[in-house]
Structure formats: C-alpha cells, structure tokens
Amino acid sequence: MTFYETYLYILLGVFALSAAYKRGLSFQNSKTTANVQQQNPAAFSAFQRNFLLVYLIMMAADWMQGPYVYRLYAYYGFSRADN
C-alpha cells in the first residue's frame, strides 16, 4: 500500500466516524421536531456557506496545481502529445 492509499483510508475512516457522530446527534435532537423546523432555515444557510467555502478552497487548490501537471508528465518521460 502506498503513502497516498494509507492516508486515503485514514481520511475515509475519519469522515465515516464524523458522519456517524453527526447522525447520532441529529437523531437525538430530532425528538423536538417543532424546534428543529424553526431552526432549519438558519442551519441550512450555515451549511450552504460552509459548503461554498470548502468548495472554493478545493477548486482554488486544483486550479493552482494545474500548471505543474505538464512538468510532472515531463518528469516521468511523457510529452504533451502523449496526453
């Protein structure tokens, strides 16, 4: 197993545990449905802002690595025509 595969599995485990924890919290809070329905629009807009922030960071990181892809190909012996 390579370095990247190891960290991929570690991150997947962390995400799975955090999703299970979050689901457990939401199950406990679902007992008071009237209160949850009143807070839902504010919670959803907070989720949207959080999602947009993470999405923009990831897209910026992808955009920044773009120019280095061809240099990486050249390092491994590929030319632009091989792409």
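The protein chain contains three helices and zero strands, where helices (H or I, at least four residues) and strands (E, at least two) are DSSP runs numbered from the N terminus. Along the sequence the pattern is α-α-α. This is a predicted model, in which local features need pLDDT of at least 70, side-chain atom pairs count only at pLDDT 80 or more, and totals for chains, interfaces and linings use all residues. Residues are numbered from 1 along each chain as its sequence is written, and side-chain values use heavy atoms, with hydrogens and water left out.

Of the 83 residues in the protein chain, 0% are buried. Buried means under 20% relative accessible area, exposed over 50%, and partly exposed in between (1.4 Å probe, protein chains only).

Relative accessibility of selected residues:

| Residue | Relative accessibility | Class |
|---|---|---|
| Phe3 | 53% | exposed |
| Tyr4 | 67% | exposed |
| Leu11 | 46% | partly exposed |
| Gln65 | 47% | partly exposed |

Leu11 belongs to helix α1 (residues 3–29). A nonpolar surface patch consists of Phe3, Tyr4, Tyr7, Ile10, Leu11, Val14 and Phe15, with about 810 Å² of accessible area together. Patches are made of residues with over 30% relative accessible area and no salt bridge; like charges are joined within 9 Å, and nonpolar side chains (Val, Leu, Ile, Met, Phe, Trp, Tyr) within 5 Å. A salt bridge is a side-chain nitrogen of Lys or Arg within 4 Å of a carboxyl oxygen of Asp or Glu.

There are seven aromatic pairs in the structure. One of them, Phe3 with Tyr4, is edge-to-face, at 5.3 Å centre to centre and 80° between the planes. Rings of Phe, Tyr and Trp (its six-membered ring) pair if their centres lie within 6.5 Å; planes under 30 degrees apart count as stacked, over 60 as edge-to-face and the rest as tilted. Phe44, Phe47, Phe51 and Tyr55 make up one aromatic cluster.

Gln65 is part of helix α2 (residues 33–65).

Terms used:
Accessible areas come from the Shrake-Rupley method with a 1.4 Å probe; for residues, only the protein chains shown count as cover.
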